[in-house]
Structure formats: C-alpha cells, structure tokens
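Reader: I'm new to this one. Can you put it up and walk me through it?

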Number of protein chains: 6
Amino acid sequence: MSTTKTISRYPIPDVESLPLDLQSEIMEVQEKAGFIPNVFLALAHRPKELSAFLQYHVALMEGNSGLTPAEKEMIVVATSGINNCQYCVIAHGAILRIRSKNPLLSDQLAINFRKADISDKQMAMLEFAAKVCEKSSDISDQDLQQLRGHGFNDEEIWDIASIASFFALSNRMANFTGMRPNDDFYTMGRQIVTTQEMTKK
Amino acid sequence: MSTTKTISRYPIPDVESLPLDLQSEIMEVQEKAGFIPNVFLALAHRPKELSAFLQYHVALMEGNSGLTPAEKEMIVVATSGINNCQYCVIAHGAILRIRSKNPLLSDQLAINFRKADISDKQMAMLEFAAKVCEKSSDISDQDLQQLRGHGFNDEEIWDIASIASFFALSNRMANFTGMRPNDDFYTMGRQIVTTQEMTKK
Amino acid sequence: MSTTKTISRYPIPDVESLPLDLQSEIMEVQEKAGFIPNVFLALAHRPKELSAFLQYHVALMEGNSGLTPAEKEMIVVATSGINNCQYCVIAHGAILRIRSKNPLLSDQLAINFRKADISDKQMAMLEFAAKVCEKSSDISDQDLQQLRGHGFNDEEIWDIASIASFFALSNRMANFTGMRPNDDFYTMGRQIVTTQEMTKK
Amino acid sequence: MSTTKTISRYPIPDVESLPLDLQSEIMEVQEKAGFIPNVFLALAHRPKELSAFLQYHVALMEGNSGLTPAEKEMIVVATSGINNCQYCVIAHGAILRIRSKNPLLSDQLAINFRKADISDKQMAMLEFAAKVCEKSSDISDQDLQQLRGHGFNDEEIWDIASIASFFALSNRMANFTGMRPNDDFYTMGRQIVTTQEMTKK
Amino acid sequence: MSTTKTISRYPIPDVESLPLDLQSEIMEVQEKAGFIPNVFLALAHRPKELSAFLQYHVALMEGNSGLTPAEKEMIVVATSGINNCQYCVIAHGAILRIRSKNPLLSDQLAINFRKADISDKQMAMLEFAAKVCEKSSDISDQDLQQLRGHGFNDEEIWDIASIASFFALSNRMANFTGMRPNDDFYTMGRQIVTTQEMTKK
Amino acid sequence: MSTTKTISRYPIPDVESLPLDLQSEIMEVQEKAGFIPNVFLALAHRPKELSAFLQYHVALMEGNSGLTPAEKEMIVVATSGINNCQYCVIAHGAILRIRSKNPLLSDQLAINFRKADISDKQMAMLEFAAKVCEKSSDISDQDLQQLRGHGFNDEEIWDIASIASFFALSNRMANFTGMRPNDDFYTMGRQIVTTQEMTKK
C-alpha cells in the first residue's frame, strides 16, 4: 500500500547522495528499526536542516533526564494529537508503545490525553505540554510552581517545554510536507498476546 | 489491564436485570463480537435511554443507504476524533478496519481526516460531517449543493448529517460517563499479516 | 407568514402515510398544543429515526427526575442557544415559559444563561450542561463533584448530561434540515397580562 | 418582577439630579415609550459618558441613511446576539419588531441571523456587520467590493460598520454593568392578533 | 512615505469644511502634537459621529480618575493589541511612551501584556480590560470583587471597563476604514538617550 | 532598566563555561551587534540544544534562497506576533527594520500583517506562513498551488514553511523561559532622520 503512496510533497533524495554523517545516521536507524522512518527521507530534501533537526532531536530525546523515555514520547504523542499530525502520532505512537510496554496508551493519548491511563503527575506534565503547544504566551510562574508541586524539578520542566516546542516545529513540517508514516508503525508494539498475559498478572 | 479499570463513572447493572429485549440485543452482539462492547453496559444504567439509543443506531447504521457500511463508520471515526471521544474512536475504529478491510484508515481519520487515504467524494462527505459536528448553525443550501456536485443524492446527504448528529450525542455520553473502550477494540482488524500481503499485489 | 415558508429542506410526508404509532403520537401532541410542532413533520421524512427520536425524548423529558420539568427545558433552551438552533430555542422557549410560568426566562437563557434570573444551583446545572454541549472531552470527576456540592445527586447529574447530549443531536438535525419553528411558538406563554399581575405581588 | 431586580451593578442617580439636557432627553423617550429604558438610568451613573453615548446613538440611528430604520435595528439585534448581550437583544428586539412590523424577526436574528427571514442583500449586510463585530482586523477591500455588488453604496457600508462598532461598545457596557432590560421590552411589538391577520392576507 | 499612502478607505474632508467646534479641536491637537493625528481626518468623513466620538474620548481619557493617564493608555494599547488594530496600537503606543516616560512599555503591552514590566495591580487591571474586550458576556460579580481585592474602587473599575468598551468601537472603526497611523507616532517617546540615563539611576 | 530585570526564568551560564564553538558564535554576534542578544544567553542553559538551535537558524536564515533576507524576517515577525512572543517580535523586528531599511514595517507586521505596507506576493507569503503557524493540519496542495500562482517556486515555499515552523519552536521556548529582549532592540533601525529623507525622494 505505502509503495504506491508518495511520502512527501517534495522529492526524496537518494540516501547515497546525502552527506556521509546523515547517511550513517540513517543506516543506524534502519538497522535498529528494520526500515527507514519516512521523516528522514522527507526532510533529507534539505540536508542541513535535517542535520540540525536530528541533532536537536538527539539532545532532547536521548539526553539524560528525570523524565523516562516513555514519558518523553507521551509528550510527543499528546501534543502531536493536538496538532493533528498524522506522521508524529503514528510514528511516535509506535515508539511509545514499545518504550512503555503499554499497547493502549498511544491511542488514548492521541485522542484525549485527559482520559488516558496515566498518573496524576503525568497528567500535570501533559497539561503543561498542551499549554506550551497551544497557548505558550500565557505561561506564567504559576505553571512552573504547579509542576514543582507535582514533584518535577526545573530541569524536568525544561525537558517538557523543550520537547513540546520541538514537536511544534516537527508537526508543522510533517503537516506541510504531507509526510506519510511508514505502514510498519501502525502495528509496532501492539503486542496482542503480551497484553493478555499482562492482564493476568 | 482493563479488568482493573472501571468502564463508567456510573454503576453497571447485571445484564440479567435488564428488560428482555435489551438482554437479547446484548447477547446477539456478544455472540458476534466475542465480547460485550462497554457502551451497552455503561448506557444500561438507563434501560429506556439505551433502548432508544440502540433503536436509533440500528436505523442509521444498518438501514439501506447509498453510503457503504464502511463510509458510515468513516463518519463516526472522523467526527468522534474531532470530539476527542476515546470510546467511539477506539470502538468504531475497530469496526471500520474490519468493514473497510483497511488497517490504516481508522488511525488516519481519527488524527486528521484531511490527510487520510480516501477519495475526493469521501473527503467531501467528511468535510460536511465535520461541519455538522462543529458548526451546524452555518449549514446552508450551498453545502447540500456542493455534496450533490460530488454525486451524493439527498437521502445520502441526510445519512451523513444524521450519523454525525447521532454521534454528537453518543460522543457526549461517552465523554460524560468516562466510558472505557474494551481492550479488544485496539487490535481488532489490524490484520498485520494481511497488510503485507496486500502491498505485494 | 409561515404558510409560505417551507419548514424543512426535505419533503414533508403526509401524516396518514406514517406508521400508526407515529400517527397517534402526532395526533396526541396536536390535540394538546393545538397544532403539530414542525419537528414531527420534518423528521417524519425518516419514520424509523423519528420513532427512536421520540422514544429517547420521552425517556429524558417525561421520566421521573429530581429535575423539574422547567429545569429540563432550561437545559434545552440554554444549550440550544449556544448551538444557535432557531427551532429548539423558539419551540422549547415556549414550553419553558409555560412550565416555569415565567415569561422572561426563555429569552434570557437563550441570549446568555449566565445573566438569567435563576438560582445558584440552576446556574451550576447550566454551566455543566454548557460543558457537555461545548467541550465534553474535558469533563472530569471534579465537575461531578462540584455538582454534588450544589446538591445534585448522581441521577440528576445524568439527567443534565443526557438532556444536553440529546439536544446536541436535535440541534444539529434542526440546523441541517433548516427546520422552521411554528409561528405559534413565538408568543406562547408570554402571558402579558399575568406578568404585570405578578409584579404587583 | 423587575421591581425587585437591580438594573445595574452601579447605583442609579435620580433623574432630577442629571444635567438638564439629559433630563429632557430622558423625558422625551419616556413619553414616547411609556417608560424609561434602563440603559438611560444605568449609564446616567456617568452623565458625560451618557451624553456622548446618546449623541453618538442619535447620529447613527436617526440620521438619514440608505438603510431603513428596521435594517439598522437588524444590525443591532444580530451583533448583540453574537455578543450575548441580554439588554440590547431584548430592548432592540422590541424596537425592531415595531419598526419592521414583523413579530418573528428579532428572535430569529438573535439566535442565528443566517436562518432569518431576510433578503439576500440584508444577509450580506449582516455577514459584514458580524465581521465588524467579531474579526474587524480581517476586513479588506474585498469585503466592501462584495457589499457594493449587493447594491450598497459606500455611505450605507459606513452605516453598517459604524452601527456594529457602536454596539460593540454598547454591548460591553451593558454586559459590564449587568444592565437589565425593562420587562416591557419582552412583549412589545409581538402583536399576536395582527400576526394571525397578516397570515390571512 | 505616508505622503503616498491613503489614510482611510473613505475620502478625507478639508478641515475648513468642518463645523467650527471640530475645527478648533483639530487645531488644538495639531498645535500640541505638531501634526493632525489621522483619526481626526478619517472620522471627519462623518462630522456628527466624530463630534460624539471626541466628546466620549474626552470624558473617558481626560476626566478625573483614580487611574493615571498612563494607566488609561495601557488599557488602550493592550486591548488594541488584542484587536490587532494598527492605528490605535501605534498612535496610543506613542502617547503611552510619553505619559509613562517608559520607552519599552508600549511594545511590550501590544505584543503580550502578560509579559510586560507592570505591577501586579496593573496586571489585574489589564486582565479585566481583556475580558471586557474579548468576552464581556462572562463578566460576573466575582471579577469586580477580584479587582477590589487589588485595591481598585468601583469608579476605577468603571473607568477600566468604559475605556476598554470605547476602544472596542474605536478599533473597529480604524480597522474598517483602514486608518493609517501618522509616521510620526512610530518614533515619538522612544527617547533613546533618556533610556540609558534612566538605567544609570 | 534591563540591568535589574532577569532575562530568563532559568539561570544564565557564564559564556566562558560554554563549549568553544558556542563561545565563538556568541563572540561573533556580539562583535557585529555590539551586544549579546539574550536568546544566546537564555538558551545556553542547555548548550547542546542551543547548538542545534543555532545550526538550524543558520541553515534557514542565512542559506541561499529566492526569499530576500528581509522577507525571511517578515515571516518571523508576523508569525511571532500571532504567537504573542515578546522576544522574537522585538529582536527580529529590529533586524527587519535594518534589513528592509523600512522603520515602519516591523510594527505593522507584528500588529496585523494584513494591514502592512507589503506587496500582494508578500501578503500571500505571510498568509501561508500564518497557516503553518496556526493551522498546519489544514495545509493542502491548493495552498502550494496558490503560492506558485503568486510566483513562488517550491524551494521558496519550503523556506516559508520551514521558517514559520522553526519559529513555532523558538516562540514557545521564548515564552516558556520568559526570555527578555535586550533594550537595544527596541530602537535599532528606527532611523528617524533617514525616514524623513526617504519620504522626500
């Protein structure tokens, strides 16, 4: 199916034509995932921008943080749902299912994070991420104070805001290019069998 | 997992305590689906309302129509996405995957129907359904004229409007009761293997 | 005036062509009101849908409830005002004037329920109805808790939500069909003389 | 009823304490209407502001214009409906019923002007008034061109914009002061008998 | 630059053709400012309306008040920013810089008053002005109570609401006429040197 | 004045403590501008993120493009105005004044780009940038087709979208950190004398 659908409104360069460091980053992710996520191919239309994009992404998503990797992805899925971004909801929804080992969470967050199976602290995290996403000009000291009241330290608060801000960029570029998620993402981590096993515990 | 989560803010009656016609409707769907969708249990708190709800649902979703059963479910999933209704997106998303034999369509429609893999005619159908959902007071003769221009007849236009209107009710009751979708819905119709076979054709 | 205006974008069936139970329901209301409210005629284009619609309406509006009949109509008028639904504001505005014996209340509620002559408890009821109407995805346990604090029990809270949800459907069908209120509704229950007598007390 | 309700959040001065020109203006309207509309009393808290308010009102509503007096009131009622202003909808609704000799029009316009019994030209007038009311920063030369296409000249276009702008002020002051419409306004011009006579013609 | 740009969509009358009292008001402001602000010329298309406009403006902006002249202009700049009104932000931004002797404040308020260098009391004043500007139908006794808690008396609260209401009119007329601010306003009161001197104190 | 105001909610690191490449980038801009723009200091709280941020900024704002440097800044100022971002409007407003040699343009764009002194082609550019900023999920092929109709090629369209997307991130980080613009930016490029000379030509 995806073989006949274009993955971007813009032409996709051959990976071999890209700068070597981008080539090796793409190889690496391909090896890990078994396929090249379309965001790499769509944004490779502008190698310098892709390079900065990936550097930013690594700094935010792979750096040390008080937030777990799953919590970071929760921010991505919830705010991308608010922005109606097909690519980011589908692709990061898959990653979140894997990182959280919870096959239900991504769909819940994408539809309405306020009804998702998460802790009160995580709900406060997503309420703030939603404010960064939708109405950052209203952010006040009180918002930070509230997050501290839920047990977040200031570095974790920066992480929440910074991830929500980065995906404000990412969602817009995906929506603009008409970026198409790889079919594989739709089913990754749904782990049907495992789910039933989990409920037995 | 779902075994420990409540499925409604209100108490769930024993099926045996319900009027006989409701009991048999519930048995029937249970036989077909293999489980009782939680909407039956949650709304059974008010048997008379459930009875009218189901009668309306049958009239709209199972009557003869120029719309295919899959197209009717597309309206449900797209407008329930706009209304951020967890239950209806997850449950009807499952039904749509089965009826459309397309494992990707429901997620696409729930996130942003304007980027989904559908025909121009179906897009016009969903644009109108979205207007019924969000701003019905602005509906004008021009809207109907536009749909006729896409090949819809007036009975089909009524179907679109009527389904979108009914789920305006349904989404609100699900959001109000905090209705929880059965876990089974998340994975139904994702047909992972079949998908890859389809892409080979 | 109304004799020259169509009452729906769709054709109106002869009452005699309708199923017998619908015919007798229509006769009954005609006898009571002195005329057939246009909603019966407009929705009779689809007898099965009308039948479910009326069954639902009866279950909600005529069942036993902690809410008074006037309070139920207040919910209808206030949320129909939010949805800019000409038919429901005019028709239910008339019913509310009669049920509340207050000739001013309907116009106040339709324009801005927050400025209407109602009790604090009724204001809380309408604030919640407005949330069901406009942003049901944000409903939380706190909303119910707040209503309990105003003295509503859980069955009354269901009534508020269920009526607001049903008229979410009803308003959309009226807006879609371009349903025209009978002229009679505009003046019913305005009881000009009585008003002045009341102010003397 | 109104005798027990305050008509403003602010104290109401004795008419005799007001400057003479305001006193005579108030006398004049009282003679014509049979009562003093509460807007005079509520805004008299600030005589200089009331004086400018009335001077502006006269310039707009009583000057020569290509718009009929009824059309001017249509602008007031429709935009006051958008602004949810109880006082202006009720009071100017009464005036409009009288000036248009149409007992239905005011309620229709207040609820949803797009469904009112008006001409296409009047609809264009109200669409523009609504834009002045809601999103004046988007007004462009095209808007004026469109109105000219409907047969409005530039002075009439100014009248539409100027009336909508003035009631942007008026609605806000009424909402701020909690201005209460006189009970009399609710029923003025409903002309129940006349209506039925009219429909016979 | 401004010499080639029209200052209104409507023709500008010769000042000499205007009623004498308007002429002298215009002369006076020209003498004080060194130029005629374009609002006088653009609105002079309708001398009676301009006359009422100026009378209202004087009553609000030059009357005695517990608000300082600078605070009044803060209300104008902040609400005109919300209404995206080029003329009022630029012209009153200049006046505010002069009255507040603060060259930074106007730009801050026009972009986002919530991030401006103002006191908590002034912030409460602007939050209320913004509510009058954007959602006056939601104003409640609580809003006034809150302002009293910040030390405003009821006359000052009226001033805030009344100024915000008047500029609701003013912004709409400026947006409608395409009113162009005089170039002079852009730089008035920026007092570059003085700023650096102030920071030394 | 700015000496007593904090420039971020987060601590500012010593420039000497930063990685060498960041130090030299900061030195370079300090030399050119005469001061260090606060964005460098505020974001330096996270050197890796700042590094990616600057790399992205250079790729977008300093690369070859069919858009002029002034047009790129126009996108920044207009979308930052929509996002109510004090830092970006003030700082990039200064840069735009310098690059466009037009002392009026920045204020116009920040308040309401639709009323600014720009060409029709530039207006189309900003309309699209505003859509990327506010509602990217609605972008369709038609939007790109429209821009091509105004003479933009596909690389220029990418530039518009990419700059608007990057400042979606930037505005959110500035709003989150409470980033304060340097006082210098307010007056840079206002070139009062030059303006009058320009109007003589």
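Author: A term to start with: helices (H or I, at least four residues) and strands (E, at least two) are DSSP runs, numbered from the N terminus. The expected span of a helix is 1.5 Å times one less than its number of residues.
Author: This is a predicted model, in which local features need pLDDT of at least 70 and side-chain atom pairs count only at pLDDT 80 or more, while totals for chains, interfaces and linings use all residues. Residues are numbered from 1 along each chain as its sequence is written, chains are lettered from A and ligands numbered from 1 in the order in which they are written, and side-chain values use heavy atoms, with hydrogens and water left out.

Reader: OK. How far does helix α3 of chain C reach from its first C-alpha to its last?
Author: It reaches 20 Å, close to the 21 Å expected for the 15 residues of helix α3 (residues 47-61) of chain C.

Reader: And how many of the residues of α3(C) are buried?
Author: Buried means under 20% relative accessible area, with exposed over 50% and partly exposed in between (1.4 Å probe, protein chains only). In α3(C), 11 of the 15 residues are buried, so the helix is largely enclosed by the rest of the structure. Among them are Phe53(C), Tyr56(C) and His57(C).

Reader: Switching to rings. How many aromatic pairs are there over all chains?
Author: A search of the whole structure finds 54. Rings of Phe, Tyr and Trp (its six-membered ring) pair if their centres lie within 6.5 Å; planes under 30 degrees apart count as stacked, over 60 as edge-to-face and the rest as tilted. Tyr56(B) and Phe166(B) make a tilted pair, 5.2 Å centre to centre with 35 degrees between the planes. Tyr56(B) is in helix α3 (residues 47-61) of chain B and Phe166(B) in helix α9 (residues 154-177) of chain B, so this pair ties together parts that are 110 residues apart in sequence.

Reader: Are Tyr56(B) and Phe166(B) buried or exposed?
Author: Tyr56(B) and Phe166(B) are both buried. An edge-to-face pair is formed by Phe35(E) and Phe185(E), at 5.1 Å centre to centre and 80 degrees between the planes. Phe35(E) is in the loop between α1 (20-33) and α2 (38-43) of chain E and Phe185(E) in helix α10 (residues 183-187) of chain E, 150 residues apart. Both of these residues, Phe35(E) and Phe185(E), are buried.

Reader: Which residues do ring pairs link into a cluster?
Author: Tyr10(A), Phe176(A), Phe128(F) and Trp158(F).

Reader: So what is the contact between chain F and chain A?
Author: Contact means heavy atoms within 4.5 Å. There, 44 residues of chain F are in contact with 44 residues of chain A. Buried area is the accessible area (1.4 Å probe) that two parts lose on being put together, summed over both. Between chain F and chain A that area is about 3900 Å², and carbon and sulfur atoms give 59% of it. Tyr56(F), Trp158(F) and Arg172(F) supply 21% of the area that chain F buries against chain A, more than any other three residues.

Reader: Why do the copies meet through the same surface?
Author: Because 100% of the interface residues of chain F are also interface residues in chain A.

Reader: What about chain C and chain F?
Author: Chain C and chain F do not touch, and their nearest C-alpha atoms are 20 Å apart.
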